[in-house]
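Me: Please take a close look at the strands in this model. I would like to know which ones pair, and in which sense.

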Amino acid sequence: MDTSSQVLGLALSPPQEKPAFTLTDTQGRPFDFRKETSGYVTLLFFGYTHCPDVCPVHMSNIAQTLKNMPAPEASRIKVVFVTNDPERDTAPRLRAWLDAFDPTFIGLTGSNAEIVAAEAAAHLPPSEKDTTAGAGAGSYLVGHAAYVYACTPDNICRFLYPFGFRQVNWAHDLPLLVAWPNSPS
Amino acid sequence: MAALLLLAGACTARSGGVAAGDLEVHGAFSFAPPTTSEAAGYFTVVNRGRQADTLLRVTSPIAAGAMLHGQVQDGGMVRMTNVEAPVVPASDSLVLSPGGTHLMLMTLDRLPKPGDTVPVTLTFSRAGAVPVMLPVRAYGDAP
């Protein structure tokens, strides 16, 4: 058995049906997550643009990996970033932040209740606004899921990618997810 | 001449870091931020002395504010806390790294790009003000 072709992401056990939720994209249009990403490898991450460490490292590693992949293969992957800080992450701010990584990345927002419901649909812990941390005067930090949640083209979510998952490993895994189910798990 | 060289040697640590008294700061870098509202910085402070020192504050001439955040991953969540005046114990170190404790620079007056350097000053209770240059890298894995 060729273990080098095995997916390195953490396997979700059991795999989960792709979550169903509708949020609002950066153009202000409703975005039906399950419908719009159907048939694509889908990488879903909940974060916020004032996050200086974990969120941009994940986004950058994915963006760089996609740039290094052949375009037809990269085009089979949709990256969806849902803000869990809708008060500060306006659509233009979310768009500008994502464009710094990859203009094809999809940015979604909604009400706090809608976002918490989307996190629950993805079986991820709800984000937590922490006003005791931050720089004071309305500043705050947001506790959030550390994982990128990954679904294969058959609309089943199978893997979690923790923080610290390196770019070389993304480059290993993303082609296997595109080729699913013809890649051994 | 020899004395001058010795003095210069005292200020430049072997690892390319910065030495100040018993402290050595090395491995400093910053990630090129997507916007000017926040940037992250990282460094390691090694205390080779017999007495603890305390990092009282961090300032940068290009940022309106700077603070340290601790970060823990717990049950799949990332939670951050403010880190006020961290102590660098004797014969120990303070390590900032992606996914862990990091320096957050706020409201930058320009957008640092890969290849730039971001100047910061670390002020310690014993070692005093230590100027450190953070080379700017593209976001990604830790070096």
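Reply: Start in chain B, where strand β10 (residues 117–124) is joined to β11(B) by eight bridges, and the two run antiparallel. Two strands count as paired here if DSSP finds at least two bridges between them. Helices (H or I, at least four residues) and strands (E, at least two) are DSSP runs, numbered from the N terminus. The model is predicted: local features need pLDDT of at least 70 and side-chain atom pairs count only at pLDDT 80 or more, while totals for chains, interfaces and linings use all residues. Residues are numbered from 1 along each chain as its sequence is written, and chains are lettered from A and ligands numbered from 1 in the order in which they are written.

Between β10(B) and β11(B) lie three residues, and the two strands form a hairpin. Within this pair, B:Val120 has B:Val132 in β11(B) as its bridge partner. Strand β11 (residues 128–137) of chain B also pairs with strand β2 (residues 23–31) of chain B, in the parallel sense and over two bridges. There, B:Phe31 stands opposite B:Arg137 in β11(B). Strands of a sheet pair through backbone hydrogen bonds, either parallel or antiparallel.

Now chain A. An open sheet of eight strands has the order β1-β10-β9-β4-β5-β6-β2-β3, with mixed pairing. Its edge strands are β1 (10–17) and β3 (30–32) of chain A, each of which pairs on one side only. From one strand to the next, the twist averages 35° (axes are lines fitted to C-alpha atoms, for helices over the stretch in contact, and angles run from 0 to 180 degrees between N-to-C directions). A:Leu10 stands opposite A:Leu160 in β10(A).

Strand pairing also links the two chains. β8(A) pairs with strand β6 (residues 77–83) of chain B in the antiparallel sense, over two bridges. A:Ala145 stands opposite B:Met77 in β6(B).

As for the contact between the chains, 26 residues of chain A are in contact with 28 residues of chain B, where contact means that the C-beta atoms, placed from the backbone, lie within 7 Å. On the side of chain A that touches chain B, the elements giving two or more residues are α2 (54–68), α4 (91–99) and β8 (141–145) of chain A. The largest share of that side, six residues, comes from α2(A).

Note on methods
Contact = placed C-beta atoms within 7 Å.
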